[in-house]
Amino acid sequence: MFLASTKTWYLERVVYFIAGLFSLVGVSLGTFVSPWWYLLNLLVGVNLVVFSTVGFCPMAILLNKLGFEPKVRD
């Protein structure tokens, strides 16, 4: 079993937190408001796949500019 460190809010942890939050919001809005909100989950999933394969993530760029430091370095 792998347990990530929860002592600090490093960039990768915040990216996953925001992705999970957006997914929950998308499912909730899709269930209670309009099925079109499920597209938010599709966009989150595509962004996670792009981030894991290519390394490009607009949210990570924004969070880095806001001062979050990445735990993983090149």
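These are my notebook entries on a predicted model of a protein with 74 residues.

**Entry 1: the overall picture**

I started with the secondary structure and counted three helices and zero strands. Reading from the N terminus, I wrote the order down as α-α-α. Next I looked up the extent of the C-alpha trace, which spans about 40 × 30 × 25 Å along its principal axes. How much of the protein counts as buried? I found 19% of the 74 residues in that class. The accessible surface comes to about 5900 Å², and carbon and sulfur atoms hold 72% of it. I also checked the contacts with a separation of 6 or more: 49% of them join residues 24 or more positions apart.

**Entry 2: what the record says**

I turned to UniProt, where the entry is unreviewed. The record places a "transmembrane region" at residues 14–38 and at residues 44–63.

Residues 14–38 are 80% helix and 0% strand, and their end C-alpha atoms are 22 Å apart. Residues 44–63 are likewise 80% helix with 0% strand, and here the end C-alpha atoms lie 16 Å apart. How far apart are the ends of residues 11–64? Their end C-alpha atoms lie 7 Å apart, and the span is 83% helix and 0% strand.

**Entry 3: helix 2**

Helix 2 covers residues 38–53. After the helix comes G55, and its phi is positive, near 95 degrees.

L39 lies in helix 2 and has 42% relative accessibility, so it counts as partly exposed. Its C-alpha atom is separated by 9.9 Å from that of S23, 16 residues away along the chain. V50 is in helix 2 as well. Is V50 buried or partly exposed? It is partly exposed, because its relative accessible area is 31% and buried would require under 20%.

**Entry 4: a nonpolar patch**

Which element gives the largest share of the patch? Helix 2 does, with four residues.

E12 lies in helix 1, which covers residues 11–32. I asked myself why E12 counts as buried. The reason is its 15% relative accessibility, since the cut-off for buried is under 20%. Not counting residues up to four places away in sequence, E12 touches P70, K71 and V72.

F68 is found in the segment after helix 3, which covers residues 58–65. At 26% relative accessibility it counts as partly exposed, because that class lies between buried, under 20%, and exposed, over 50%. Which residues does F68 contact, leaving aside its neighbours within four places in sequence? I listed W9, L11, V14 and L63. I also looked up G45, which is 23 residues from F68 along the chain. The C-alpha atoms of this pair are separated by 22 Å.

Methods
Residues numbered from 1 in each chain as written. Predicted model: local features only at pLDDT ≥ 70, side-chain atom pairs only at ≥ 80, totals over all residues. Heavy atoms only, no water. UniProt positions renumbered as here; feature names shortened; annotations may be inferred. Helix = DSSP H or I, 4+ residues; strand = E, 2+ residues; numbered from the N terminus. Buried < 20%, exposed > 50% of the residue type's maximum accessible area, 1.4 Å probe, protein only. Contact = heavy atoms within 4.5 Å. Areas by Shrake-Rupley, 256 points an atom, 1.4 Å probe, with all protein chains shown as cover.
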